[in-house]
Amino acid sequence: MTDVRKLRILIVDDQSAQTGALCDVLRQYQYETDGCASAEAALERLRAGAYDLMLSDLNMPGLDGIALVTAALQRDPDLACIIMTGEGSIASAVRAMQAGALDYIVKPFKASSLLPVLARAQATRSLRLANAELERQLRLNVIELAEANYRLEQARTAAEQASSEKSRFLSNMSHELRTPLNGILGFAQILAADKLPATQLEKQRFARNIVQSGQHLLKLVNEILDLARIEAGKVPLALEAVDLPTVLQECRMMVTPLASKHDVSLGFATVPPLRLRADRTRLVQVLINLLSNAIKYNREQGKVAVACRDAQGKRMRISVSDTGPGLEPDQVQHIFQPFNRLGRDEEVEGSGLGLALTRRVVEAMQGEIGVDSTPGQGSTFWIELPLAPETSQQVQHA
């Protein structure tokens, strides 16, 4: 059986004999009592421990009962205070109530008169505590409701944005797929026509256009499927320790012909002999895409610079900088969205899916990707990937 806690009462009266007698009487009624002979001593008691009720004489040397009630309630607003007075006047009752006392009792009194007063004070105190708890719970509920509404609004906004992006993606995808398909059908119809004159050289040119359009269409379809698989988490990644200098050297060799074609010089800073935790094939795919974009979206006799630097000890940042026209803030904001081609749909060949794929691949390898750009000066695309565990330890101990 659980023990019920006894109510603690602090009795304050400058007449010690009366205080002791009152303490003894109330203990018989299962109250836990302490007595004090002055208001100052009572405040020390209140400072040291918690009480449920305080029964104080009105007239005492030093601080009187009214001043004591005021000071006590400043320390514990939930304390139930009762004033004992021999005056029995309306004025003293008003003064006691104005100070915050819940009730008063006129001396001399019997236990039978005091007990109902104590019960009323305790009931009022319990009601105040219950109301305070209800108010606290109400505030918590309001806060939780506000947070839930905020999360719901965020989810709704995200859903609307996702729906808008999906619609835009499908619209752009439809356009991108129709363009090469129309080329294939158009040139095929010319070749199939009996009445349209065409030399052998023209037929060969038409056939080459069909092949090029078909290759572009196949690449586009493959990238769309690749993007869908990555977003669905259905592309397995072979995360391993990948030697960074070897991968960058391989990428350099692969993009050198493209750089020569566009009259762009390549510059690779010293590559630290470190290993990344990544999928080697996908890492090469990411770097080739960034390097190809830096070359294609550059100016004549432009430059592409590749640099590596430590990022917080356990990650490596690889940056690819170009001397192209740079990006406007709005372009930077949407650059990693599918079919975003930097606003140059006709100038540069591509599907517009490269950076979207690159972002998904980097994030799948627990990495980050970003871009810093200044209009008219160029752009720097960067990726951050975790170092292989043994490499990370070497960097930390260096």
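**Close-up 1. Helices α2 and α3 pack side by side in this predicted model.** The axes of helix α2 (residues 39-48) and helix α3 (residues 65-75) come within 10 Å and cross at roughly 10°, where axes are lines fitted to C-alpha atoms, for helices over the stretch in contact, and angles run from 0 to 180 degrees between N-to-C directions. The helices α2 and α3 are therefore roughly parallel to each other, given that angles under 35 degrees count as roughly parallel, over 145 as roughly antiparallel, 65 to 115 as roughly perpendicular and the rest as oblique. From α2, the residues Ala39, Ala42, Leu43, Leu46 and Arg47 make the contact, and from α3 Leu68, Ala71, Ala72 and Arg75 do so, contact meaning heavy atoms within 4.5 Å. Sorted by class, the contact of α2 with α3 comprises seven nonpolar, no polar and two charged residues (Ala, Val, Leu, Ile, Met, Phe, Trp, Tyr, Cys and Pro count as nonpolar, Asp, Glu, Lys and Arg as charged, and the others, Gly among them, as polar). Helices and strands, here and below, are DSSP runs numbered from the N terminus (helices are H or I with at least four residues, strands E with at least two).

The model is predicted, so local features need pLDDT of at least 70 and side-chain atom pairs count only at pLDDT 80 or more, while totals for chains, interfaces and linings use all residues. Residues are numbered from 1 along each chain as its sequence is written, and side-chain values use heavy atoms, with hydrogens and water left out.

**Close-up 2. An open sheet of five strands has mixed pairing.** The order of the strands is β7-β9-β10-β12-β11, and two strands are taken to pair if DSSP finds at least two bridges between them. The edge strands, each of which pairs on one side only, are β7 (265-268) and β11, and the twist averages 15° from one strand to the next. Strand β11 pairs with strand β12 (residues 378-386) in the antiparallel sense over seven bridges, and Ile369 stands opposite Ile383 in β12.

**Close-up 3. Helices α8 and α10 lie across strands of the sheet.** Helix α8 (residues 280-296) lies across β7, β9 (303-311), β10 and β12, and runs at about 170° to β12. Helix α10 (residues 354-364), in turn, lies across β11 and β12, and its direction makes an angle of about 135° with β11.

Close-up 4. Arg315 is buried, at a relative accessible area of 18%, whereas Glu368, at 42%, is partly exposed (buried means under 20% relative accessible area, exposed over 50%, partly exposed in between, with a 1.4 Å probe and protein chains only).

Close-up 5. In the whole structure, a search finds 17 salt bridges. Elsewhere, Arg8, Glu32, Asp34 and Arg45 are linked in a network of salt bridges.

Close-up 6. The peptide bond from Lys107 to Pro108 is cis, with omega near -15°, and Pro108 lies in the loop between β5 (103-106) and α5. Gln30, a residue other than glycine, has a positive phi near 70° and is found in the loop between α1 and β2 (32-36). Phi is likewise positive for Gln301, near 60°, in the loop between α8 and β9, and Gln301 counts as exposed at 61% relative accessibility.

Notes. Salt bridge = Lys/Arg side-chain N within 4 Å of Asp/Glu carboxyl O.
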